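User: Hi! Could you walk me through a few backbone and side-chain details here?
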Amino acid sequence: MGRMSMRTRLRALVAAVALGAVYPQAGDYDPLNPTSWDAVTADAAMDIRPPARNGHAAAFMDGKMWVVGGRTDAFQEYNMAFKSSRADVWYAEPPYTRWSQEFELTGDFDVQNWDALQPGPVAPWYSRHGHTLMTLPAANYGLPEDVMILVGGYAPDPKNDVWVTCDGRNWRFVGYAPFEPRAWHASVIFEDKLHVVGGIPMNNEMWRLDAIAVAGNITQPDSTWSMSWSAGVGGGDLWSPRGGHQVVTRAEYPEADPDVEAEGADSDADPIEVMYLLGGYAGWLPDHEDYDGQICRRDVYKYTTDGGWELVTAEAPWPARAWFGAAAWHHLDDRTLDANPYASEPSPARIWIMGGGFMGQSGNRRIDTMVGYVDGWWTRDGVEWTKVNFEEGADEALESSLEWAGTTVDDLPRYIGKWGHVLLQGTRTSDTDPDAEISALYILGGDTVADGSLVDDIFVTGNGIMCQADGLTCSGFGLCREDSGGCDCDSGISGEFCESGLGGARSAAPLVSPRAGLVLAGLLSLLLGAAYA
């Protein structure tokens, strides 16, 4: 990539501030001001997508993105009753701009929704939110093909029912799990097996799905399903019961033996699977000696089969939260590597969190109304975290450099915290090669706090997400590559964000705030016009 002259760069910066700081515009790629999140707009010829919701679940299977259930605005169901939870199923194929609802749902209606239209737009499982949906690879359980598995949720009381589907249309009841009913739990694939962690009613259990099998043709209504679970190593006295937390897994190389190897990871050893538990609405139960109420937390723990659970940090630098999105964002072809192909050195997949809410009671502190966040963070080790965005202000004056935080209230643009959304890893088409797919994160739906509302928007990561820290692109001393992100630093500058060689001069905030950008851009234009006339 060729270097811009200082004059050209300043003019580009002015244009970027003027045109893109408040509302990102479509057009030529801007390496100085790339978007970190791009809205996935609905196809104009078929302007339909899942209704606005939170507490839904989503997964990828068979090349499609699936959205299942969730809490929406009140609606009248088939039996004339008004509900706010859904039993619907939606899907879309890349680039996820054209959505379809499954209107011919079939399955074991005799178990729950026996009075619904069969087949019809209502699934055989009760409408719900706070459930989980995961894809089980066929090889992990010896199944004839991949299936999606739905576990628990509020329906309207917490459930422990388990359902599977191989096509999103036919839903089969597997049975009731041996653990107590729950919602706002976390589900994750760890060492090839499904694990369910925590949940509400408050618990700190971990359960593993050891086996799941089908007798008969997987696609036929006369097939029968069975499963077996075992209780894993829960939080014990280490991490408190919780719900609305997040659990992610990634492949890591074990730490080298300091007596044998140099300090750091042992890249000659086989990678191991590591599970991370993040935050959540948590607290010990009233009969526990350490009971201090139940409130959102910012603690981080990790788990390995050999080492069990251990505390990573009791107080991460991000504000305490629950009902947020999290993902371990790995390389498309190698789970042991980070998604950024231009990382300064090989590293495991970074763990990302986005948004979320805060409420609860601890001691004399009591927050009954959800407080929402407009931020994003990532970490390589769970201890040191980097904030992605810049934000300032509060309430109506709140601003954030993360595009997914933008919405409208009374036809006016606002930045409002979001919770109850889904963050998951998928792929998107490369900006420079229409035939190539690159790793990406997606944010789906959620609920905005205060005077905001449920939203139906979908965002996908842009190149800027790999180049920005504290809302500043490449520390102001580089360009963001167009192919898949990553900083191309100025001469004499290095580092993943062009932060090395600055002598501590790296700014902790963008040059201008989004709202002030329009005003400053005009002044800069006048100054530069006079200077270079």
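This is a predicted model: local features need pLDDT of at least 70, side-chain atom pairs count only at pLDDT 80 or more; totals for chains, interfaces and linings use all residues.

User: What about the phi of Trp323?
Analyst: That one is near 55°, again a positive value in a residue other than glycine. Trp323 lies in the loop between strand E19 (308-313) and strand E20 (325-329).

User: Buried or exposed, that Trp323?
Analyst: Trp323 counts as buried because its relative accessibility is 9%, and the cut-off for buried is under 20%.

User: Switching topic: which residues does a cis peptide bond join?
Analyst: Pro94 and Pro95 are joined by one, with omega about 5°. Another links Ala155 and Pro156, where omega is about -10°. Pro95 is in the loop between strand E4 (82-92) and strand E5 (99-101), while Pro156 is in the loop between strand E8 (147-154) and strand E9 (158-165).

User: Now side chains. What does the side chain of Asp457 pair with in a polar contact?
Analyst: Lys418, at 3.2 Å. Asp457 belongs to strand E33 (residues 454-461) and counts as buried, at 16% relative accessibility. Leaving aside residues up to four places away in sequence, Asp457 also touches others, including Arg49 and Ile443.

User: Nice. And Ser230, which side chain does it have a polar contact with?
Analyst: Asp210, at 2.8 Å. Ser230 is in strand E14 (residues 224-231), and among the residues it touches beyond four places away in sequence are Met206 and Trp207.

How values were computed: Residues are numbered from 1 along each chain as its sequence is written. Side-chain values use heavy atoms; hydrogens and water are left out. Helices (H or I, at least four residues) and strands (E, at least two) are DSSP runs, numbered from the N terminus. Buried means under 20% relative accessible area, exposed over 50%, partly exposed in between (1.4 Å probe, protein chains only). A polar contact is a pair of N or O atoms within 3.5 Å; within protein, one must be able to donate a hydrogen and the other to accept it, and residues adjacent in sequence count only if both atoms are side-chain atoms. Contact means heavy atoms within 4.5 Å.
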